[in-house]
Amino acid sequence: MTVRKITTVGDEVLRQKAREIEPTEFGTPELQRLASDMIDTMTKANGVGIAAPQVGESLRLFIIDTTDGPAALANPVITPRSKKTTVDTEGCLSCPGQEVAVTRFQKISVHAKTLDGGSVNFDAEDFLSRVLQHELDHLDGILIIDKE
Ligand code: NI
């Protein structure tokens with residue numbers, strides 16, 4: 001169990017566009033360890049998602065907490081399934097004490113890689129859709145405080 005320090009507003013890594021995970025990195029113990037550290041860190045902080053830049057790694061990887069447990073998604077691509085949006089309040093482990101009303105697409109399709117490099121494709125709606133879009137923003141250097 002390794003809980004890492006969570007980066008917060010002002011840490012440069014949160015503002016960088018994170019790089020894609022390379023084919024040679026899938027299935028490595030290093031990538032598995034990073035994901036495992038991220039899960040431990042997210043769980044300790046009672047988060048519902050965490051992105052690699054939030055533990056100081058500028059990589060396109062995030063964890064989301066689902067009903068089936070934590071899932072790691074690498075190099076994620078999100079496509080809205082309609083133009084319909086919803087507004088709800090979001091917090092962020094990297095923006096302590098902040099709550100911001102954020103507009104998100106209600107229904108999305110997600111294409112990503114697993115830690116082993118397998119492909120995963122699924123649709124998400126409502127809360128899960130919101131969490132996924134929030135985490136994807138982290139990989140592009142975007143924070144909820146930018147949406148105020
Ligand atoms: Ni966040």
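View A. Cys-92 counts as buried because its relative accessibility is 12%, under the 20% cut-off. The model shown here and in the other views is predicted. Through its SG atom, Cys-92 coordinates the nickel ion.

**View B. The nickel ion and its donors.** Three residues hold the ion: Cys-92 by SG, His-134 by NE2 and His-138 by NE2. Along the sequence, the donors follow the spacing C-x41-H-x3-H. Cys-92 sits in the loop between strand 4 (85-90) and strand 5 (100-105), while His-138 belongs to helix 2 (residues 126-139), so this pair ties together parts 46 residues apart in sequence. His-138 is buried too, because its relative accessibility is 1%.

**View C. The largest nonpolar core.** This core contains 16 residues. Ile-21, Met-38, Leu-61 and Ile-63 have the most contacts inside it. Helix 1 (29-44), strand 2 (61-66) and strand 3 (69-80) each give two or more residues. Helix 1 supplies the largest share, with 5 residues.

**View D. Ile-63 and its contacts.** Neighbours within four places in sequence are left aside here. Ile-63 then touches Ala-35, Met-38, Ile-39 and Met-42, among others. Its contacts also include Val-48, Gly-49 and Ile-50. Pro-70, Ala-71, Ala-72 and Glu-135 are in contact with Ile-63 as well.

**View E. A second, separate core.** This core has 14 residues. Among them are Ile-64, Leu-73, Leu-132 and Leu-139.

Technical notes. Residues numbered from 1 in each chain as written. Predicted model: local features only at pLDDT ≥ 70, side-chain atom pairs only at ≥ 80, totals over all residues. Heavy atoms only, no water. Core = buried A, V, L, I, M, F, W, Y, C linked by side-chain atoms within 4.5 Å. Buried < 20%, exposed > 50% of the residue type's maximum accessible area, 1.4 Å probe, protein only. Helix = DSSP H or I, 4+ residues; strand = E, 2+ residues; numbered from the N terminus. Contact = heavy atoms within 4.5 Å. Donors = N, O, S within 2.8 Å, 3.2 Å for Na, K, Ca; no water.
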